[in-house]
Amino acid sequence: MTATAPAAEATVRKSSPGAARGPRRRTGRIRRIGLPYLLLLPALLLELLVHLVPMVIGIVMSFKELTQFYIRDWGTAPWASFDNYSVSVDFDAPVGKALLHSFLVTVAFTLLSVGLCWLIGTAAAVFMQDTFRGRGLLRALFLVPYALPVYAAVITWVFMFQHDNGLVNHVLHDQLGLTDKPSFWLIGDNSFIALLTVSVWKGWPFAFLIVMAGLQNIPRELYEAAALDGAGMIQQLRRITLPSLRPVNQVLVLVLFLWTFNDFNTPYVLFGKSAPEAADLISVHIYQASFVTWNFGTGSAMSVLLLLFLLVVTGVYLALTSRGRRTAQ
């Protein structure tokens with residue numbers, strides 16, 4: 001009798017539906033949890049190959065004395081320790097002084113470009129909230145600079161900025177008479193204005209698109225109630241629109257800052273390999289330090305310093321914005 005009790009208990013356990021359902025349910029839960037990671041695996045592998053592996057190689061190169069003599073087998077280049085970084089941050093030496101000048105030019109250019117892009121994009125998005133004939137066509141025209149390929153758009157601006165037969169000098173000097181003589185826009189101090197003009201023209205439609213999407217989430221009842229209370233357009237903009245767009249603007253400003261600070265295509269197509277001193281952005285400066293002077297170790301060190309600077313700025317910006325969001329709540 002005692003011998004048949006375990007057998008009977010085992011038979012009952014096998015016949016119990018809960019006992020069979022338990023392992024099956026656990027296996028199904030594991031599959032559900034693992035399926036998203038399995039689907040993300042190809043994207044993670046591509047991200048590793050495209051971004052992380054070159055980044056690690058660049059960091060290793062920054063600690064080597066890598067010049068044109070070792071370019072065929074850069075692994076054999078002598079170990080330079082922190083010499084490349086010391087040369088880059090020595091602001092009394094020519095290399096460090098040129099890098100500091102490029103950094104300051106890039107900061108000024110980024111602040112002006114991001115500010116103007118946000119201002120023009122926000123103004124256009126607010127203007128487009130009203131219904132009028134041709135609004136859809138005007139929205140499409142506003143997005144044309146953002147949709148155009150960068151090289152085609154910037155090359156068009158290169159022809160427009162030509163000294164003798166460019167459209168800009170033709171309008172400003174020949175038609176309007178605002179200048180005494182045709183200006184050189186691609187050399188000298190005017191190169192900064194030309195670069196800023198192209199950057200704003202190319203970037204403000206993105207700000208317009210993001211702000212316009214954010215405005216769709218603001219209830220129209222708020223504006224109607226504010227209008228009944230006697231609030232004008234400026235007061236509605238200050239009290240309703242801008243506070244409601246704060247989360248959108250926080251992300252927008254960060255994205256525009258990173259894109260503009262790292263922009264290489266615009267100055268490279270506009271000026272070529274050697275940008276004027278007034279428009280010497282740090283992206284082109286690092287390119288010149290690497291591929292023109294063939295000093296890849298110093299250029300890699302400059303790239304790592306740029307990466308660290310952007311990481312610090314991004315971290316501080318996210319900390320400040322998250323603290324301000326918690327304070328507002």
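Me: At what angle do the axes of H9 and helix H12 cross, and within what distance do they come?
Reply: The axes cross at roughly 160 degrees and come within 10 Å, with H12 covering residues 246–261. Axes here are lines fitted to C-alpha atoms, for helices over the stretch in contact, and angles run from 0 to 180 degrees between N-to-C directions. Helices are DSSP runs (H or I, at least four residues), numbered from the N terminus. Bear in mind that this is a predicted model, where local features need pLDDT of at least 70, side-chain atom pairs count only at pLDDT 80 or more, and totals for chains, interfaces and linings use all residues. Residues are numbered from 1 along each chain as its sequence is written, and side-chain values use heavy atoms, with hydrogens and water left out.

Me: So how are H9 and H12 oriented to each other?
Reply: Roughly antiparallel, therefore; the cut-offs are under 35 degrees for roughly parallel, over 145 for roughly antiparallel, 65 to 115 for roughly perpendicular, and oblique for the rest. The crossing of H9 and H12 is right-handed, meaning the near helix is turned clockwise from the far one by less than a right angle.

Me: Which residues make the contact?
Reply: H9 brings Ser199, Gly203, Phe206, Ala207, Ile210, Val211 and Gly214, and H12 brings Val248, Asn249, Leu252, Val255, Leu256, Trp259 and Thr260. Contact means heavy atoms within 4.5 Å. By class there are 9 nonpolar, 5 polar and no charged residues. Ala, Val, Leu, Ile, Met, Phe, Trp, Tyr, Cys and Pro count as nonpolar, Asp, Glu, Lys and Arg as charged, and the others, Gly among them, as polar.

Me: How do H4 and H9 pack?
Reply: Their axes are 6 Å apart, at an angle of about 40 degrees. H4 and H9 are therefore oblique to each other, and their crossing is right-handed. The contact of H4 with H9 has 21 nonpolar, 5 polar and no charged residues.

Me: And H10 with H11, what's the angle there?
Reply: About 150 degrees, with the axes 11 Å apart. That makes H10 roughly antiparallel to H11. Leu222, Tyr223, Ala226 and Ala227 of H10 meet Gln236, Ile240 and Thr241 of H11.

Me: Switching to pockets: what volume does the largest pocket have?
Reply: About 570 Å³. On a 1 Å grid over the protein atoms alone, a pocket is an open set of points where a 1.4 Å probe fits, with protein on both sides within 12 Å along at least five of seven lines; lining residues have an atom within 4 Å of a point. Points are joined across faces, edges and corners, and the volume is the space filled by probe spheres set on them.

Me: Which residues are closest to its centre?
Reply: Of the 21 lining residues, those are Ile286, Gly299, Ser300, Ser303 and Val304. H15 gives the most to the lining, with 8 residues. The lining has 13 nonpolar, 8 polar and no charged residues.

Me: What about the second largest pocket, what's its volume?
Reply: About 490 Å³. Its lining has 19 residues, and Val126, Tyr223, Met233, Leu237 and Thr241 are the closest to the centre. H4 (94–127), H10 (220–228) and H11 (233–244) each supply at least two lining residues.

Me: How many charged residues are in that lining?
Reply: 2, alongside 12 nonpolar and 5 polar.
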